[in-house]
Amino acid sequence: MYKLLCFDLDGTLLTSQKTIDPMTAQTVRNLSERGVEILIATGRHVDFAMQLTESLDCPRTIVANNGALLFDTGKGRNIFADYLENDVVNRIYQMGRELDLHALFYVDYAKEGTDLIVGPEVRIDGYEKNLVRNVNRIQMMEQMVPDRVLSIVYPGSIEVLTRMARELDDRYGSGLSHHIMAAMYKNNIMEIMNAGVTKWRAISHYAERRGLMTSEIAAFGDEVNDLPMIRGAGMGIAMKNALPIVQQSAKQVTKYTNDESGIAHQLLEIYGE
């Protein structure tokens, strides 16, 4: 039976209203009490992930920023963090400006009270509010780009983001990882990280520390950034509302969507009442 359950947030553990429905919260909590470990694997920052999953009311580990950060909630500290090099951050920022793209920097400044640093051209009253717990955790960039950058996010049209992706490939080749998610948080966004950064890499690191085998891991997801963990886990489970490519890559697909307690129903099938 699976000893580690990994959950994506948006479109998976969270409903469309960005809450965890009571049936799902209770089912996950019951399994935690039975000794199953719970891991949240999200593109969001640690602070926001913690806040969004408070209703689980159980111990949980956080893989944040799509795998760039692994956070031990029990000890309140990072297990590891994979920062972009400062000169790379600066070059990417300049490349974005040439395409009139506005940079959002996810940073590891949680202890300082900051999750997101935005360029001077970005208006904080925009969709950026969806990316952090509150706007007080967003800071404006000063003269230099920040350090401890976990990922760079650009909102924009698919056409311009695709052009940016080609330019990144031309300059850095396989040295960087990037993906585009259509209509995420009501906008198309591109996320740029170090090469090799995925939710699954962070999960694998955690599992090794815990002495868990791949066959003892189950993972739920719905988007392209969930593919590595869906394919890598002993049991990869796509949501009914997941993208077709995610469903095709999964071993199981839930019978219900994230708005219909899809995770709860699937877990009850796997573990029993």
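Predicted model: local features only at pLDDT ≥ 70, side-chain atom pairs only at ≥ 80, totals over all residues.
# A tour of the fold

Along its principal axes, the C-alpha trace spans about 55 × 35 × 35 Å.

Buried residues make up 55% of the 273 residues. Among the contacts with a separation of 6 or more, 58% are between residues 24 or more positions apart.

## The sheet

Hide the surface and select the strands of the open sheet. In which order do its eight strands lie? The order is E5-E4-E3-E2-E1-E12-E13-E14, and the pairing is mixed. Strands of a sheet pair through backbone hydrogen bonds, either parallel or antiparallel.

Go to the two edges next. These are strand E5 (77–81) and strand E14 (252–253), and each of them pairs on one side only.

Strand E4 (residues 69–72) is joined to E5 by four bridges, and the two run antiparallel. Select Phe-71, then look across to Asn-78 in E5, which stands opposite. E4 and E5 form a hairpin with four residues between the strands. In this hairpin, Gly-76 takes a positive phi near 65°.

Select Ala-238 to find one of the partners: its bridge partner in E14 is Val-253.

## A helix across the strands

Select helix H9 (residues 262–271). Which strands does H9 lie across? They are strand E1 (4–7), strand E12 (217–221), E13 and E14. The helix runs at about 165° to E1.

Most residues other than glycine have a negative phi, and most peptide bonds are trans. The next two stops have a positive phi.

Step back from H9 to the loop between E14 and H9, where Ser-261 is found. Ser-261 has a positive phi of about 60°, although it is not a glycine. Is Ser-261 buried or exposed? Its relative accessible area is 12%, under the 20% limit, so Ser-261 is buried.

Then select Lys-18, in the loop between helix H1 (9–13) and helix H2 (22–33). Lys-18 is not a glycine either, yet it has a positive phi of about 65°. With a relative accessible area of 36%, Lys-18 is partly exposed.

## An aromatic pair

Finally, show the aromatic side chains. How many aromatic pairs does a search of the whole structure find? The search finds two. One of them is formed by Tyr-93 and Phe-105, whose rings are 5.9 Å apart, centre to centre. The angle between the planes is 50°, and the pair is tilted. Colour the chain by secondary structure to see what the pair links: Tyr-93 is in helix H4 (residues 86–98), while Phe-105 is in strand E6 (residues 104–109). The two residues are 12 residues apart.

How values were computed
Residues numbered from 1 in each chain as written. Heavy atoms only, no water. Phe/Tyr/Trp six-rings, centres within 6.5 Å; stacked < 30°, edge-to-face > 60°. Pairing = 2+ DSSP bridges. Contact = heavy atoms within 4.5 Å. Axes fitted to C-alpha atoms, helices over the stretch in contact; angles between N-to-C directions. Buried < 20%, exposed > 50% of the residue type's maximum accessible area, 1.4 Å probe, protein only.
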